[in-house]
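The points are grouped by topic.

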Amino acid sequence: MGKIDGCLKAVFISFNCLFASFGCLLICGLIRMSLSGYKMEGLDTPSVIWLWVFAIITLLVSLLGSHAARTENKCGLKLFAVLMGIGMALMLIVGVAAIVLKDKGMENFQSPEVAQEILKDEKKKHLLKTLQGRVRCCGWTGVEDWGSDIPQSCRCTPSYGPECKSSLLGFSSVYSKACGEIVKDYVEYYAKIGICIIFGFAFVAMMGLIISAKMINQISHHDRVVMPTFGLKAY
């Protein structure tokens, strides 16, 4: 009979195997991306390096947890518990920082200063014009951003109904929504998903810490019970 409850050990090893598989898949994806020369938009070199670090740490810590539980190694479980505690603390710090940064970023997202910055840059200006036609919006904060030079992509046909509004400049009707408002909704939505994932990892780390602590306690209890028995037999 083992020192650790069989059901608890099986659940612990299964979850660690799952996260080890996730780490392997992430590493394989990064290797394929590197070999193909494909570069995702918004992922610079430091971001890719951090992804590598995260994938390797996830794989190694999961393997450590699985091995320590399978062999009932008390030192290995203690190391795993410490790493889980550190991981949980880091995830909580990152999660709270992400919430604060999101709120600050959203405050100035639709400011006229941002609109002016976009219109000064030809590349960003072209992207805004493309966005207007695709998501049916006009200007970053509104049609007023364009002044009298309203682009064709702002034009709204009457068939779109409530999406249109009358304009005194340029076309008779333009899209009523501002592009900044639509982009803000998308950014906020995906930011919330990201924050939920971060806190989800913090929760998983906390569960790993609790279960590993429980297994360490079971091993210690088994050793305390068995050692006196051996002493009596030797006597």
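Helices here are DSSP runs of H or I with at least four residues, numbered from the N terminus. The model is predicted. Gln 218 has its place in helix H6, which covers residues 179-234.

**Helix H3**

- Helix H3 comprises residues 74-107, 34 residues in total, and its first and last C-alpha atoms are 50 Å apart, close to the 50 Å expected at 1.5 Å a residue.
- At the start of H3, Asn 73 places a side-chain oxygen within 3.0 Å of the backbone nitrogen of Cys 75.
- The buried residues of H3 include Gly 76, Leu 77, Phe 80, Ala 81, Met 84 and Met 88.
- Gly 95, Lys 102 and Met 106 are also among the buried residues of this helix.

**Packing of H2 against H3**

- Helix H2 (residues 45-71) packs with H3 at an angle of about 145°, and the two axes are 9 Å apart.
- The crossing of H2 past H3 is left-handed.
- From H2, the contact is made by Phe 54, Val 61, Leu 64, Gly 65, Ala 68 and Ala 69.
- From H3, the contact is made by Gly 76, Leu 77, Leu 79, Phe 80, Leu 83, Met 84 and Met 91.
- By class, the contact of H2 with H3 holds 11 nonpolar and 2 polar residues, with no charged residues.
- Gly 76, Leu 77, Phe 80 and Met 84 take part in the contact with H2 and are buried.

- Gln 218 counts as buried because its relative accessibility is 18%, and the cut-off for buried is under 20%.
- The side chain of Gln 218 reaches the backbone nitrogen of Asp 5 at 2.8 Å.
- Leaving aside neighbours within four places in sequence, Gln 218 is in contact with Lys 3, Ile 4, Asp 5 and Leu 8.
- Asn 217, also found in helix H6, is partly exposed, with a relative accessible area of 43%.
- A distance of 9.0 Å separates the C-alpha atoms of Asn 217 and Ile 4, which are 213 residues apart along the chain.

**Gly 180 in H6**

- Gly 180 lies in helix H6 and is buried, its relative accessible area being 0%.
- Not counting residues up to four places away in sequence, Gly 180 touches Phe 109, Gln 110, Gly 139 and Trp 140.

Notes:
Residues numbered from 1 in each chain as written. Predicted model: local features only at pLDDT ≥ 70, side-chain atom pairs only at ≥ 80, totals over all residues. Heavy atoms only, no water. Helix = DSSP H or I, 4+ residues; strand = E, 2+ residues; numbered from the N terminus. Buried < 20%, exposed > 50% of the residue type's maximum accessible area, 1.4 Å probe, protein only. Polar contact = N/O pair within 3.5 Å; in protein donor to acceptor, adjacent residues only side chain to side chain. Contact = heavy atoms within 4.5 Å. Expected span 1.5 Å × (residues − 1). Axes fitted to C-alpha atoms, helices over the stretch in contact; angles between N-to-C directions. Left-handed = near helix turned anticlockwise from the far one by under 90°. Nonpolar A, V, L, I, M, F, W, Y, C, P; charged D, E, K, R; others polar.
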